[in-house]
Amino acid sequence: MDQAAAEQLRAELSGMVERGEIPGAIVRIEQDGETLADIRVGYQDVAAKTPLADDAIFRLYSMSKPVTSVAIMMLAERGLLSLDNPASRFLPEFADPRVYESGGVDDMVTVPMTRAPTIADLLSHSSGITYHFAGVTPVHQYYRRHGVMRDTPVGRMPQDGPPARTLDELVARVGKAPLLHQPGERFAYSYSTTMLGAIVERATKQRLDSALQALIFDPLQMTDTGFFVEDADLSRLVTNYVALPGGLTPIETAEGSEYRDHTRLLDGGGALAGTTADYLNFCRMLVGGGAFQGRRLLAEDSVRAMMVPRVVADMPPASIAFGYGFALGDATSEAAGLQPAGTASWGGSASTYFFVDPKAKATALLMTHVLAMPPVETGVVLRKLVNGAVLGLIER
């Protein structure tokens with residue numbers, strides 16, 4: 001174990017704060033229950049110079065996806081659903097979408113599906129659904145025009161149609177939209193996990209926040225994770241930034257945050273907030289093969305099933321295998337510095353990132369609060385720094 005790797009990572013992150021590239025960051029790296037790196041640098045709010053607290057609350061964005069995916073696997077174990085079920089069994093609004101074939105957004109030609117999208121397709125993002133910000137095809141233009149999106153700063157443009165206000169409304173809009181490709185044909189990053197959240201609601205007959213609380217947050221002692229931040233905790237919610245070529249620009253303060261709105265859309269694909277300690281408990285459960293502090297949430301077989309390659313995710317700057325809710329690292333992704341081999345991982349739009357390595361009993365977690373779009377590569381830089389430190393710290 002090379003503790004110099006941890007100190008080098010701390011110095012690199014501190015340098016990024018000093019240069020105004022990130023507002024702050026927390027990194028935790030663990031193996032076999034031992035903390036190998038515990039780093040906290042920078043600010044919760046840059047202008048106010050508020051130091052980043054250990055219990056700061058971060059916007060998880062797409063790091064919500066593995067949580068919702070685990071909830072689906074738990075419901076499958078309980079017999080409330082099967083991964084082979086058509087999604088329309090729970091979402092009749094999604095019973096008969098058509099598939100884009102040709103034409104523009106105004107003269108689109110569509111064809112029938114060759115088969116119905118399944119819950120497994122949703123888990124692997126191979127359902128044919130997409131995201132409004134994931135391309136510029138006529139299907140993506142349709143999403144933007146008709147507000148097939150939730151109200152979030154990620155990927156929004158001024159000309160987009162009004163976003164859906166509720167989960168049911170978004171499900172209905174997705175059901176009316178053309179599919180980008182035939183179900184099961186390939187990976188397309190998407191609102192698929194949002195649809196899984198709606199399935200959790202309908203299978204459990206609970207709102208998504210209540211269902212995730214009972215299934216995951218309470219058993220894992222994730223006391224600060226959820227879709228809302230109450231006023232009593234608002235001082236811990238970090239200011240959200242976007243990284244532009246000219247530096248950091250704040251885009252959401254704690255006082256003006258959507259997380260204060262109890263009517264906001266409960267998006268299991270991107271709307272959770274939480275702390276480093278909370279998400280570490282989630283990672284520890286995965287490293288433990290589905291068990292946490294003597295309590296089993298998932299069978300080991302279910303955890304392994306989530307980490308079996310199902311499709312190839314072509315997501316610049318790399319192509320990587322994808323399972324049920326996780327990207328799966330291999331020798332190629334490790335050589336590129338993007339994800340160590342043998343790990344299951346995902347990240348969030350605000351440059352957060354984690355991975356678990358069940359074989360090595362290791363996990364790494366990066367929490368920060370800055371969105372970045374090309375040509376700014378803050379997220380890629382951070383990921384490479386964390387992965388480089390990990391390779392010097394853990395034993396494999």
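The model is predicted, so local features need pLDDT of at least 70 and side-chain atom pairs count only at pLDDT 80 or more, while totals for chains, interfaces and linings use all residues. Residues are numbered from 1 along each chain as its sequence is written, and side-chain values use heavy atoms, with hydrogens and water left out.

Overall dimensions. The C-alpha trace spans about 60 × 45 × 45 Å along its principal axes. Of the 396 residues, 58% count as buried, meaning under 20% relative accessible area with a 1.4 Å probe, protein chains only.

Secondary structure comes to 11 helices and 18 strands; these are DSSP runs, helices being H or I of at least four residues and strands E of at least two, numbered from the N terminus.

Three strands form an open, mixed sheet in the order β8-β7-β18, where two strands pair if DSSP finds at least two bridges between them. β8 (247–252) and β18 (370–372) are at the edges with a single partner each, so one side of each has no neighbour in the sheet. Strand β7, residues 240–244, runs parallel to β18 and is joined to it by 3 bridges. Tyr241 stands opposite Val370 in β18.

Finally, the cores, which are sets of buried Ala, Val, Leu, Ile, Met, Phe, Trp, Tyr and Cys residues joined through side-chain atoms within 4.5 Å. The largest has 94 residues, and Ile199, Ile216 and Phe282 have the most contacts inside it. A second, separate core of 30 residues includes Ala6, Val17, Leu36 and Tyr241.

Terms used. Buried means under 20% relative accessible area, exposed over 50%, partly exposed in between (1.4 Å probe, protein chains only).
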